[in-house]
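Hi,

Here is the structure I promised to hand over. Have a look at it first, and my notes follow just below.

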Amino acid sequence: MKSWMKFFLSLLVQAGVFLLVYKILQWQFVFSFLFSLTFILLFSALIFEGNQNKNMLTVILFIINFFLIFAGFFLLPSKFDYKTRSLLKETQVKLTELKKKYILSYSQKEKNLIYSVWNDLAYSDYKSALDKLEIIKKNDYYLERLHSFAMVKVNRFYKLVEEAKKEIPNFTHFYSFYQKGDLSYFKKLIIYYKNTKSGEYFYNLALKNMELKVNHKILLQSVTKEISAFVHEYEKDYLILHFVIYLYPELKTKYYYKVSEDEKKSIGFDDFKQLNESPKETPNLITFLKNHDGEEFFIFIRKLLEGEGEYPLFAFDMEVISKEGEKMSIPFAKITYDSLVFSGKKGFETLSFPQIYHKIKESLASLRTPIHPRWIMEYRKKYPEVFQNVIKPYWMKFIKLLLCFITLTVLSFFTIRYFKAVFLEKISFVFYFLPVFFIVFLSLIYTNFIIKIFEWLL
Amino acid sequence: MKFIQFVIFILLFTVSFLFLFNEIELHFIFFHILLILMFFFPYYFWTESVFKAMIILALLTVLICAGVYFFKYSPVKKMNLVPQYSLNIEPQIKTIDFEWGKNTYSYSFQMQELKDKNKGDVFSLDKFVWLHNKLNQYKKYVSQFMSKITVAKLDLNFIFICLWIYSVVLISFIFSYSKSLIVSYSNILFVIPYTFFMGDFFFLKPFAPMLLYGQIVFIGILTVIAVYRVKN
């Protein structure tokens with residue numbers, strides 16, 4: 001047989017053996033490749049070139065395999081998916097669901113009613129406020145809170161009315177004028193009882209309400225006062241402030257400090273504004289972080305969402321794993337400069353990780369396929385944790401593979417030399433099938449042995 | 001030099017073969033060294049002289065018989081070999097494995113899944129169920145077989161063992177092919193079944209004069225064939 005034919009036949013045999021083991025038997029890539037390598041080296045030298053001492057074909061096959069392994073690892077496009085892209089449909093659906101939960105959406109009519117509820121509260125016209133809340137009748141977190149806030153005020157007011165009835169004779173009669181809205185007459189009647197506690201209160205109330213009716217500025221001040229009381233009442237409920245600012249955006253400056261504090265501890269509709277304008281998602285982010293106590297955590301984010309302003313970041317389906325192996329799955333989280341905010345069982349929960357935002361932003365820029373040699377130094381400098389936990393072990397494995405490759409080649413050449421040392425004659429075609437079985441067996445035990453040995457040693 | 005190469009090959013072959021098993025005993029190792037010597041040794045001394053060949057075959061038989069006799073002194077000790085390995089990188093990166101704390105994780109970039117790697121996905125030949133079962137069966141069978149050749153004291157039964165060894169050596173010699181070592185070694189495909197089958201059903205039986213007579217006749221025939229092989 002001509003030498004080039006032998007060469008192509010050998011390559012075909014190797015490809016066949018590799019595909020059989022890798023694709024059909026579904027053994028690992030490393031095992032399949034090394035097995036096919038050992039097999040073809042022994043096969044080409046002992047069967048194809050049985051009577052030649054130089055084993056040129058075997059040497060060429062070795063060089064080609066060496067080239068193949070490098071080409072495979074360095075030239076094949078990697079499926080390591082890290083590229084940023086516009087939102088996938090699946091993510092869009094998830095985001096819309098979340099927006100429904102977090103974003104406030106009231107119709108203009110409802111909005112007007114809520115505004116007038118606040119006005120009623122400012123006028124201390126609690127009955128009317130409660131009636132209007134009944135009209136909106138929305139099973140809504142914020143309106144429920146507003147309702148209970150109004151209820152407390154109503155109870156307090158009726159208590160005062162009861163007290164006044166005891167203190168002032170004929171107060172029931174006077175009060176009917178207040179209810180009708182005839183405030184000036186009510187004021188005239190109550191003025192004689194101004195020296196009593198209840199009298200003073202209702203006189204001032206009538207006076208204030210009369211003023212509110214004519215002076216819009218004072219009305220606004222009064223409404224703001226009511227809002228302050230409401231915000232104070234629900235101080236720890238971060239969403240309430242979002243609700244207030246949604247209705248009265250001008251109040252944002254007043255609550256600037258509280259808003260920026262809450263921003264670190266809650267997710268609100270304001271955050272989602274960022275995601276309205278062409279958000280982008282990046283899959284597969286890995287990062288290693290320390291918390292305030294120095295405990296290390298491994299964090300991986302299946303999808304990272306970035307809005308126009310690039311702050312804050314949002315993570316879909318993330319997992320936080322401690323070194324002890326404790327796992328925490330978070331379906332949706334906001335990433336601020338130094339914390340992770342997510343909705344837990346008891347409202348919003350915060351995990352503090354210094355510099356989490358920058359670490360994740362950096363990982364966006366530097367996460368690449370770990371096999372590229374150019375990035376080894378880059379990772380070492382910029383991302384020592386990822387280098388230590390992911391890149392280094394990967395390269396160690398690649399080096400192990402190369403070591404196995406070289407050792408198996410040496411072993412194969414020794415075996416070839418041994419078999420050719422005594423009888424240097426080309427074997428008859430009749431005898432081909434027996435050595436093939438033997439070589440398959442030999443390749444199998446050699447490959448298994450060498451991989452196990454390196455796995456044990458390194 | 002040739003002899004050193006031979007010793008190295010035998011050692012490599014034995015160790016590689018034994019590494020197919022996850023857990024082995026010292027008995028098992030010694031038994032296989034003896035077997036491999038019986039199978040592979042004779043071919044190395046293809047000589048033109050009948051006298052030389054016969055002496056080497058006889059010498060080998062005596063050595064192996066002595067080995068089998070001292071077999072009972074080998075300590076019972078189990079050895080754990082590397083059962084599985086995680087060297088599973090691929091040119092196209094679909095997953096990344098890494099250690100974190102006590103656990104090893106495997107993250108699949110395509111499936112976007114994080115798996116606890118200790119719970120599977122580690123490669124071992126055991127995964128190939130057929131091979132795994134066959135290896136286990138073989139191990140069981142060999143331990144049964146070894147009990148037959150372990151001798152408590154020198155008695156007539158030991159003659160049978162020696163004859164069995166001699167027949168195996170002769171058979172592997174007869175089946176060898178003078179022009180190629182690889183073809184000769186490949187004959188273990190025939191010699192292994194012969195070794196165990198004839199051991200079970202013909203040689204390793206309780207002592208009986210008629211059986212001894214039959215065995216001597218059989219070995220006589222084998223010797224004649226062996227001498228004929230050497231001459232031609």
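Before the notes, a word on terms: two strands count as paired if DSSP finds at least two bridges between them. Please also keep in mind that this is a predicted model.

Let me start with the sheet. Seven strands of chain A make up an open sheet, running in the order β1-β2-β3-β4-β5-β6-β7, with antiparallel pairing. At its edges stand β1 (85–86) and β7 (347–352) of chain A; each has a single partner strand, so one side of each is left without a neighbour in the sheet. In general, strands of a sheet pair through backbone hydrogen bonds.

The β7 end is worth a zoom. Strand β6 (residues 339–344) of chain A pairs with β7(A) in the antiparallel sense, over six bridges. Together, β6(A) and β7(A) form a hairpin, with two residues between them.

Now to the surface. Which residues gather there in a patch of negative charge? They are D293(A), E295(A), E324(A) and E326(A). Of these, E326(A) sits in the loop between β4 (313–322) and β5 (327–335) of chain A. With a relative accessible area of 56%, E326(A) is exposed, because the cut-off for that word is over 50%.

Happy to talk any of this through.

Best wishes

Key:
Residues are numbered from 1 along each chain as its sequence is written. Chains are lettered from A and ligands numbered from 1 in the order in which they are written. This is a predicted model: local features need pLDDT of at least 70, side-chain atom pairs count only at pLDDT 80 or more; totals for chains, interfaces and linings use all residues. Side-chain values use heavy atoms; hydrogens and water are left out. Patches are made of residues with over 30% relative accessible area and no salt bridge: like charges are joined within 9 Å, nonpolar side chains (Val, Leu, Ile, Met, Phe, Trp, Tyr) within 5 Å. Accessible areas come from the Shrake-Rupley method with a 1.4 Å probe; for residues, only the protein chains shown count as cover. A salt bridge is a side-chain nitrogen of Lys or Arg within 4 Å of a carboxyl oxygen of Asp or Glu. Lys and Arg count as positive and Asp and Glu as negative; His and the chain ends are not counted. The place of a charge is taken as NZ of Lys, CZ of Arg, CG of Asp or CD of Glu. Helices (H or I, at least four residues) and strands (E, at least two) are DSSP runs, numbered from the N terminus. Buried means under 20% relative accessible area, exposed over 50%, partly exposed in between (1.4 Å probe, protein chains only).
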